[in-house]
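Please follow this explanation with the model open beside the text.

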Amino acid sequence: MQKRASYIYSSFLRRSRMGLGVKHMKKKLILSIIGTVIITAGLFVGLQKVGACAFWWGCSLGNQITYLNEQAAIEQNQQRLDNIEPLPKMTDSLERKNLIKRAQTFNNPNKISYIYLYSFGKLIMYDTVKGKVSALNSSLTSSQQFVDSGGKQIGDSNSCIGSTDNCYQLNAPSVDGSYGTNGQGIFYYNENGAYREWNGQYILSDQPFNLTNQPDLVKEVK
């Protein structure tokens, strides 16, 4: 009987210890899950804050509140100034009239103007301009084209909407079949039909100036 009782008691202790071990393991597992959830939530919130700041220069987690407060203060100040000094309701625009007049003045193929070409503040040459001065980078066609993944040109730009995986923007050739730009500068034709290019400073006037100094480059008159 004593051996039997001892065996039962030993079995009871083993089972109790096993039960306590299982409970302890369950407890550790639950704590681990809770910790993982807390860390994941913290990372998610942090990424949200970083993502919100990624679109503004100088925005960070440390100064985000200051940035938003300053932005709100600027907006309130602008609204206050708009109420005190509202924008005028203009019925006429001299700026637009100047632009229109300039376009009409130089959109005349027989217009004669006078151009003075400078380099490092020194007058190099003066000349006449028949018509208008144009930029070397002016183009008759677009400098970009849209193609699909197979390199085929897409005629309708609306085909690119919503299908960016199958739409690519590439440089387009100019009318002579070449690529690239013509560099910075201007070109024009003078009253004798001679073609000129220039990539420096210049003064353009539709009335001639009286020169006190002769230019360095003087064209030969025959």
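At 45% relative accessibility, lysine 97 counts as partly exposed, a class that lies between buried (under 20% relative accessible area) and exposed (over 50%), as found with a 1.4 Å probe on protein chains only. The side chain of lysine 97 meets that of aspartate 92 in a salt bridge, with 3.2 Å from N to O, where a salt bridge is defined as a side-chain nitrogen of Lys or Arg within 4 Å of a carboxyl oxygen of Asp or Glu. Aspartate 92 is likewise partly exposed, its relative accessible area being 40%.

The model is a predicted one, in which local features need pLDDT of at least 70 and side-chain atom pairs count only at pLDDT 80 or more, while totals for chains, interfaces and linings use all residues. Residues are numbered from 1 along each chain as its sequence is written, and side-chain values use heavy atoms, with hydrogens and water left out.

An open sheet of 3 strands has the order β2-β1-β8, and its pairing is antiparallel; strands here are DSSP runs of E with at least two residues, helices are runs of H or I with at least four, and both are numbered from the N terminus. Two strands are taken to pair if DSSP finds at least two bridges between them. The edge strands, each pairing on one side only, are β2 (122–130) and β8 (201–205). From one strand to the next the twist averages 20 degrees, with axes fitted as lines to C-alpha atoms, for helices over the stretch in contact, and angles running from 0 to 180 degrees between N-to-C directions. Strand β1 (residues 112–119) is joined to β2 by 8 bridges, the two running antiparallel, and tyrosine 118 has leucine 123 in β2 as its bridge partner.

The structure holds 4 salt bridges, and one of them joins the side chains of aspartate 206 and lysine 111 at 3.3 Å, N to O. Because aspartate 206 lies in the segment after β8 and lysine 111 in the loop between α3 (94–106) and β1, the pair ties together parts that are 95 residues apart in sequence. Aspartate 206 is partly exposed, at a relative accessible area of 32%, whereas lysine 111, at 17% relative accessibility, counts as buried.

Another salt bridge is formed by aspartate 216 with lysine 122, whose closest N and O atoms are 3.2 Å apart. This pair links distant parts of the chain, with aspartate 216 in the segment after β8 and lysine 122 in strand β2, 94 residues apart. Aspartate 216 counts as partly exposed at 48% relative accessibility, and lysine 122 is partly exposed with a relative accessible area of 45%.
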